[in-house]
Amino acid sequence: MATVSKQQLSDVFRRLRAIATNKACFDCRASDPSWASISYGVFLCMQCSGIHRSLGVHLSFIRSTQLDSWTWVQLRAMQMGGNAQATAFFRQHGCTSTNPSIKYNSRAAALYKEKLAGMAERVHQKYGTDKVHVSVTADEFESGGANKDDDFFDQFQPTSPLAFSSNQLEEAAAAAAA
């Protein structure tokens, strides 16, 4: 699988970090996180990335946003995810624990991880490596209403996090049960 160039990676992460909620660690709120959980599409500080690594790659796959190489599917997971999206999903599903072991072993975490992985794969299939900045939100992608020429980041409003549609949740639940 093709890796993302350092310039493309830097450009995408610069845009993702411009979103207010991505400027702090998803788990502890420390500023300027430089690590990411691809599994959940969230930004983490170094200390929390170590905690995630101890949970195992089956729960949280960690990469440095500056040091590691990334595949396009991994990058698409970050573009489709984000701290605000994950926070909203976990809250919506009643997962408010701050204990990483409880939080990332929860049904909400499994559901979110599965949904995000599927979305990242579909977005990569649609755009491949031709377009660095994808132009879809979760709801737009599922409805087929995405315009390839729109810039996803110009549309994002951090005060109203994206939410998964009920149709998407039902699909993820069915996939998780299978």
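Good morning. Y40 and Y104 are both buried, a term that denotes under 20% relative accessible area with a 1.4 Å probe and protein chains only. The model is predicted, so local features need pLDDT of at least 70 and side-chain atom pairs pLDDT 80 or more, while totals for chains, interfaces and linings use all residues. Residues are numbered from 1 along each chain as its sequence is written, and side-chain values use heavy atoms, without hydrogens and water.

Let me turn to the rings. Eight aromatic pairs are counted, with ring centres of Phe, Tyr or Trp (its six-membered ring) within 6.5 Å. Helices and strands are DSSP runs, of H or I over at least four residues and of E over at least two, respectively. Y40 and Y104 also belong to one aromatic cluster with F26, F89, F90 and Y112.

K103 lies over the face of F90, at 5.6 Å from the ring centre; the criterion for Lys is NZ within 6 Å of the centre and within 35 degrees of the ring normal.

Finally, the pocket. F26, F90 and K103 are among the residues that line the largest pocket. Which helix gives the largest share of this lining? Helix 4 (residues 83-92) does, with three residues.

Thank you.

Terms used: 1 Å grid on protein atoms, 1.4 Å probe; cavity = no way out; pocket = protein on both sides within 12 Å on 5 of 7 lines; lining within 4 Å. Phe/Tyr/Trp six-rings, centres within 6.5 Å; stacked < 30°, edge-to-face > 60°. Buried < 20%, exposed > 50% of the residue type's maximum accessible area, 1.4 Å probe, protein only.
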